[in-house]
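Please look over the chain below before reading on. The briefing that follows goes through it topic by topic.

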Amino acid sequence: MTGEPSLCINGCGFFSTPQTKNLCSKCYNSFLKDESARYMDTIRDHTKTATVVEKFEEVVVVVKNKKRSRCNACNKKVGLLGFECRCGHVFCGSHRHPEEHSCLSDYKSAAITELTIQNPVIKPDKLYRI
């Protein structure tokens, strides 16, 4: 480092350093803002369609995160204690069973298919009798 401090190359009268490209701190910050603004403009020009798709996806995510906090059968507030059924609705403690709210999902066939997947039929090799 030299013994004499150098002045800003913009001519504002403040001292500068080589790390800030011979600019003072104020001029260097404005230089960085201008560079980032130019960079963002070039990105926006190249990805206009991508930002439209991203904004559309954000709207869809917001709609999906909304959960209903009332029982679908009696409209009672359930809060955190609501039971979500396989049919996709939320019910209170008294309507949580499928018989109570006339659920349309078929529990029996769903259980049978789940058991057949979990427990495949295993046949041993045939043994010849002597």
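**Briefing**

The charged end of Arg-96 is placed over the ring of Phe-83, 5.2 Å from the ring centre. The model is predicted. Its protein chain has three helices and four strands. Along the sequence they run β-β-α-α-β-β-α.

**Overall picture**

- The protein chain has 130 residues, of which 12% count as buried.
- Its accessible surface comes to about 11900 Å², and carbon and sulfur atoms make up 59% of that surface.
- Among contacts in the protein chain with a separation of 6 or more, 2% join residues 24 or more positions apart.
- One aromatic pair is present in the structure.

**Cysteines without a disulfide**

- How many disulfides does the structure hold? The count is zero.
- The cut-off for a disulfide is 2.5 Å between the sulfur atoms.
- Cys-71 is likewise in no disulfide. Its nearest cysteine sulfur belongs to Cys-74 and is 3.6 Å away.
- Cys-24 has a relative accessible area of 3%, so it is buried.
- Cys-71 is buried as well, because its relative accessibility is 0%.

- Ser-16 belongs to strand E2, which covers residues 15–16.
- Is Ser-16 buried or exposed? Its relative accessibility is 8%, so Ser-16 counts as buried.
- The Ser-16 side chain comes to 3.2 Å from the backbone oxygen of Leu-7.
- Beyond its neighbours within four places in sequence, Ser-16 is in contact with Ser-6, Leu-7 and Cys-8 on one stretch of the chain, and with Asn-22, Leu-23 and Cys-24 on another.

**Phe-14**

- Phe-14 sits in the loop between strand E1 (6–7) and E2.
- Phe-14 has 52% relative accessibility and therefore counts as exposed.
- With residues up to four places away in sequence left aside, Phe-14 is in contact with Ser-6, Leu-7, Cys-8 and Cys-24.
- Ser-16 also has Ser-6, Leu-7, Cys-8 and Cys-24 among its contacts.
- From Phe-14 to Lys-26 is twelve residues in sequence and 8.9 Å in space, C-alpha to C-alpha.

**Phe-31**

- Phe-31 is part of helix H1.
- At 26% relative accessibility, Phe-31 counts as partly exposed.
- Which residues does Phe-31 touch, not counting those up to four places away in sequence? They are Lys-21 and Leu-23.
- Phe-31 and Lys-21 are ten residues apart along the chain, and their C-alpha atoms are separated by 10.0 Å.

**His-95**

- Where is His-95 placed? His-95 lies in the loop between strand E4 (90–91) and helix H3 (107–118).
- Its relative accessibility of 18% means that His-95 counts as buried. The cut-off for buried is under 20%.
- Outside the four places on either side in sequence, His-95 touches Cys-71, Ala-73, Cys-74, Glu-100 and His-101.
- Among these partners are Cys-71 and Cys-74. Their sulfurs are 3.6 Å apart, and Cys-71 is in no disulfide.

- Most residues other than glycine have a negative phi.
- Asn-22 is partly exposed, because its relative accessibility is 34%. Asn-22 is also one of the contacts of Ser-16.
- Asn-75 is in the loop between helix H2 (48–65) and strand E3 (83–84).
- With a relative accessible area of 42%, Asn-75 is partly exposed.

Key
Residues are numbered from 1 along each chain as its sequence is written. This is a predicted model: local features need pLDDT of at least 70, side-chain atom pairs count only at pLDDT 80 or more; totals for chains, interfaces and linings use all residues. Side-chain values use heavy atoms; hydrogens and water are left out. Rings of Phe, Tyr and Trp (its six-membered ring) pair if their centres lie within 6.5 Å; planes under 30 degrees apart count as stacked, over 60 as edge-to-face and the rest as tilted. A charge sits over a ring if NZ of Lys or CZ of Arg is within 6 Å of the ring centre and within 35 degrees of the ring normal. Helices (H or I, at least four residues) and strands (E, at least two) are DSSP runs, numbered from the N terminus. Buried means under 20% relative accessible area, exposed over 50%, partly exposed in between (1.4 Å probe, protein chains only). A polar contact is a pair of N or O atoms within 3.5 Å; within protein, one must be able to donate a hydrogen and the other to accept it, and residues adjacent in sequence count only if both atoms are side-chain atoms. Contact means heavy atoms within 4.5 Å. Accessible areas come from the Shrake-Rupley method with a 1.4 Å probe; for residues, only the protein chains shown count as cover.
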